[in-house]
Amino acid sequence: MPTPYRADHVGSLLRPPELLDARAAFAQGAMSLEWLRELEDACVLRALAMQRDAGVDILSDGEYRRPAWSAAVRESIDGLVPNPDPPINTILGQWRGPHGEVARSSTIPGTGLVVGAPVRQTRRLVEADAAFLREHAPGPWKITMPGAMSAAGTLFKPGVTDQFYATRWDLAAEVVAMLQREIAALAAEGVSYIQLDSLHYVERITDAEMRARMVADGDDPEEYLDRLIACDNAVLDAARATGVTVGLHMCRGNNRSAWHAEGSYEAMAEKAFNGLRVDRFLLEYDTDRAGGFDPLRFMPKGVNVVLGIISSKEPELEPVDALKARIEEASRYVDVDRLAISPQCGFASTQWGNLLSWDDQRRKLELVAETARAVWG
């Protein structure tokens with residue numbers, strides 16, 4: 001049985017200001033790559049110590065070597081060109097919520113690029129991330145990577161990319177092959193927990209506005225869902241090595257405490273929960289934007305569910321008793337022995353991070369660990 005990791009978290013952490021300053025200096029040619037890497041290493045060590053002290057069961061490098069959660073692919077390939085018609089063509093909705101304007105005004109390095117030539121991989125996706133964690137992590141750790149369509153979706157520009165890849169799915173197939181190679185290498189190197197972040201299940205399929213837009217554009221949401229499951233399984237199956245825990249995270253967008261989508265898991269739950277070959281799902285459940293727990297009735301036996309019932313978007317701490325009550329509610333659909341707890345998403349899916357402080361983040365992770373101990377011992 002895979003390790004339950006009762007006190008989990010999605011992976012990304014707030015970047016220290018000195019790391020953001022160093023990335024800006026490097027982009028302007030005022031810092032060498034060697035110095036940037038040394039500072040990244042120091043910041044990852046600080047993040048590892050914070051996670052250890054907070055008491056969570058699984059550690060990450062905070063995705064500190066990336067400007068955004070999906071950038072591991074973008075920064076490892078040739079074939080990108082500036083988008084000739086910014087803003088970048090997106091298949092997702094606008095940033096929503098009280099902080100939506102802040103998110104819309106945040107520019108992420110590299111997001112103005114699209115595929116404009118045959119893609120060629122130039123380096124491993126997360127080799128350095130895994131190597132550093134293997135040497136320095138003071139406990140179990142995970143590696144996170146984007147799902148193929150999540151990585152490829154916004155790199156596809158009609159009129160530019162389709163000269164080389166007829167559809168987004170054709171471009172995603174290239175990314176699938178990269179992810180398969182990376183996972184095979186990670187498994188050979190002894191990585192024990194690999195998490196795929198694949199957002200289109202809830203960012204496109206369950207959001208009523210996005211679903212209507214798909215139909216208007218001539219896409220069949222059910223066919224899209226089937227193809228998305230097949231695409232992710234082609235990657236997930238590469239991680240089915242003995243001892244490797246395979247997780248898949250779904251959320252509704254996460255940038256500067258804003259989100260893209262809302263809606264219950266119901267529209268995709270039966271197909272996705274039963275069709276995706278994973279050990280654990282990490283699911284966003286911090287607000288009513290995600291609906292209730294009843295779609296968990298489709299969760300197959302033997303699959304663990306990490307309940308993202310703590311917000312990584314807002315600093316207020318959820319009461320432990322309220323969290324315990326929500327876990328008890330979810331246990332009506334999935335046995336409590338197959339449940340775990342985490343924040344609903346990362347704290348910094350983009351390098352600018354959500355609107356919390358470092359201490360807020362630490363207290364949130366401490367709350368994850370405290371609640372896990374109260375429920376599971």
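**Note on the predicted model**

1. Cys43 is buried, its relative accessible area being 2%, where buried stands for under 20% relative accessible area, exposed for over 50% and partly exposed for what lies in between, with a 1.4 Å probe and protein chains only. This is a predicted model, in which local features need pLDDT of at least 70 and side-chain atom pairs count only at pLDDT 80 or more, while totals for chains, interfaces and linings use all residues. Residues are numbered from 1 along each chain as its sequence is written, and side-chain values use heavy atoms, with hydrogens and water left out.

2. On the cysteines, the count of disulfides comes to zero, a disulfide being a pair of cysteine sulfur atoms within 2.5 Å. Cys345 is also buried, at 4% relative accessibility, and the cysteine sulfur closest to its own belongs to Cys251, at 3.5 Å, which is too far for a bond.

3. Along the principal axes, the C-alpha atoms fill a box of roughly 55 × 50 × 45 Å.

4. The secondary structure consists of 13 helices and eight strands, assigned as DSSP runs (H or I with at least four residues for helices, E with at least two for strands) and numbered from the N terminus. Of contacts between residues at least 6 apart in sequence, 80% join residues at least 24 apart, a contact meaning heavy atoms within 4.5 Å.

5. Buried residues account for 57% of the 377 in the chain. The accessible surface is about 14,600 Å², with 51% of it belonging to carbon and sulfur atoms, as computed by the Shrake-Rupley method with a 1.4 Å probe, where for residues only the protein chains shown count as cover.

6. Helix H1 spans residues 17-27, and within it Leu19, Leu20, Ala22, Arg23 and Ala25 are buried. The cover over the buried residues of H1 includes helix H2 (33-54), and H1 is followed by Gly29, which has a positive phi, near 80°.

7. Gln361, located in helix H13 (residues 358-376), is buried with a relative accessible area of 0%. Leaving aside residues up to four places away in sequence, Gln361 touches Leu13, Leu14, Met50 and Phe347.
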